[in-house]
Amino acid sequence: MARQTLAQRVDEHALAEDWKRWANADVQQQLIERAETLLAADDPRQMLKEIGRLEQEWKRFAVAPRRQSQVLWNRFRAARDALRRRGDAYLAENLAKKEALCVAVEQLADSTEWNASAAAIRRMQDEWKQIGPVRQPPSAPLFERFRAPANRFFERHKQFRLDRKSVV
């Protein structure tokens, strides 16, 4: 009697597992389609936002029917890897642009061409905001590298105006 009950429970569990695998295959297909749609849209910001979600969802639904499992995984992995490559390229491009702005603002930090330099630095600040994200580890030091010379210039500019005002 115990064997029969155990065998019945094992069969029920196996059947439930088969249904779960079958249902997961549909979810995996949807995740693949979302990843491929992201690739086609070619919006790097959106790719960066979504790739982590896609990976987390894939982990939740990772078990699929054995016949389909490897094919689905290969298709998802190909889309995911392409998303990562594009995201990495986007972040690297943003880093290069921001580093170039750092060099440019550093060159203006000691300028005495007050109006032209102030306008140029403000344009660079606007451009910085438009560029987009970079990876976290260099992000804060990079911003500080950009901000410090701009602050130095504007402090010097402020002091110049105060000195000029006191002479008048």
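Helices here are DSSP runs of H or I with at least four residues, numbered from the N terminus. By that rule, Phe146 sits in helix H5 (residues 136-167). This is a predicted model, where local features need pLDDT of at least 70, side-chain atom pairs count only at pLDDT 80 or more, and totals for chains, interfaces and linings use all residues. Residue numbers start from 1 along each chain as its sequence is written, and side-chain values use heavy atoms, leaving out hydrogens and water.

- Phe146 has 3% relative accessibility, so it counts as buried (under 20% relative accessible area, with a 1.4 Å probe and protein chains only).
- Setting aside residues up to four places away in sequence, Phe146 touches Leu101, Cys102, Val105, Met124, Gln125 and Trp128, where contact means heavy atoms within 4.5 Å.

**H3 against H4**
- The axes (lines fitted to C-alpha atoms over the stretch in contact) of H3 (residues 66-108) and H4 (residues 114-131) come within 10 Å and cross at roughly 165 degrees, with angles running from 0 to 180 degrees between N-to-C directions.
- H3 and H4 are therefore roughly antiparallel, the word for angles over 145 degrees.
- Tyr90, Asn94 and Lys97 are among the H3 residues making the contact, and H4 brings residues including Ser117, Met124 and Trp128.

**Glu50 in H2**
- Glu50 belongs to helix H2 (residues 44-60), and at 14% relative accessibility it counts as buried too.
- Beyond its neighbours within four places in sequence, Glu50 is in contact with Arg34 and Leu38.

Note on methods:
Helices (H or I, at least four residues) and strands (E, at least two) are DSSP runs, numbered from the N terminus. Angles under 35 degrees count as roughly parallel, over 145 as roughly antiparallel, 65 to 115 as roughly perpendicular and the rest as oblique. Buried means under 20% relative accessible area, exposed over 50%, partly exposed in between (1.4 Å probe, protein chains only).
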